[in-house]
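Student: Could we go through this structure together? I would like to begin with a single residue and then widen the view.

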Amino acid sequence: EEELDFVSKVVKEKLKMILERGPNGSINLQQLASLESRAMNKEIEEVKAALSRQIKENGELQEKVRALTIVGGKEAQSVLVSSKSGSATRIIESLESKVAALKEELE
């Protein structure tokens, strides 16, 4: 309740400032432009921060894909050397599907 009263008073005062007539009888729209500019700048900063987080997360995921590709390739080679059975094929297919899933997440 107190917060609502406070916000109401602040908005009322700002509107008075905006609609105040100057000595020549014109309305001061600079106040409104200033408020709009500050709001837009804040929104831009928030979007930049979100983009920065997304870029960082994207880089981390790309590193994971590279690491899995390297590890997956080494595991597949060692399995193929030690065993020529169908289990090696299943392991390779499993690793390839994991790499594909990670690549899809990145896109």
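Student: Is Glu-46 buried, partly exposed or exposed?
Tutor: Glu-46 is partly exposed, at a relative accessible area of 45%. Buried means under 20% relative accessible area, exposed over 50%, and partly exposed in between, with a 1.4 Å probe and protein chains only. Please note that this is a predicted model, in which local features need pLDDT of at least 70 and side-chain atom pairs count only at pLDDT 80 or more, while totals for chains, interfaces and linings use all residues. Residues are numbered from 1 along each chain as its sequence is written, and side-chain values use heavy atoms, with hydrogens and water left out.

Student: Which residue forms a salt bridge with Glu-46?
Tutor: The partner is Lys-42, and the closest N and O atoms of the pair are 3.4 Å apart. A salt bridge here is a side-chain nitrogen of Lys or Arg within 4 Å of a carboxyl oxygen of Asp or Glu. By this rule the count comes to one salt bridge.

Student: Where do Glu-46 and Lys-42 sit relative to each other?
Tutor: Both lie in helix H2 (residues 30–82), and because they are four residues apart there, about one helical turn separates them. Lys-42 counts as exposed, with 55% relative accessibility.

Student: Changing topic: how many helices and strands are in the protein chain?
Tutor: The protein chain has three helices and zero strands. Helices (H or I, at least four residues) and strands (E, at least two) are DSSP runs, numbered from the N terminus.

Student: What share of the residues counts as buried?
Tutor: Of the 107 residues in the protein chain, 9% count as buried. The chain's accessible surface comes to about 9,100 Å², and 58% of it belongs to carbon and sulfur atoms. These areas come from the Shrake-Rupley method with a 1.4 Å probe; for residues, only the protein chains shown count as cover.

Student: Which residues make the nonpolar surface patch?
Tutor: Phe-6, Val-7, Val-10, Val-11, Leu-15 and Leu-19 make a patch of about 550 Å². Patches consist of residues with over 30% relative accessible area and no salt bridge, with like charges joined within 9 Å and nonpolar side chains (Val, Leu, Ile, Met, Phe, Trp, Tyr) within 5 Å. Phe-6 belongs to helix H1 (residues 2–19) and is exposed, with a relative accessible area of 57%.

Student: And where is Asp-5 placed?
Tutor: Asp-5 is in helix H1, and it counts as partly exposed at 39% relative accessibility.
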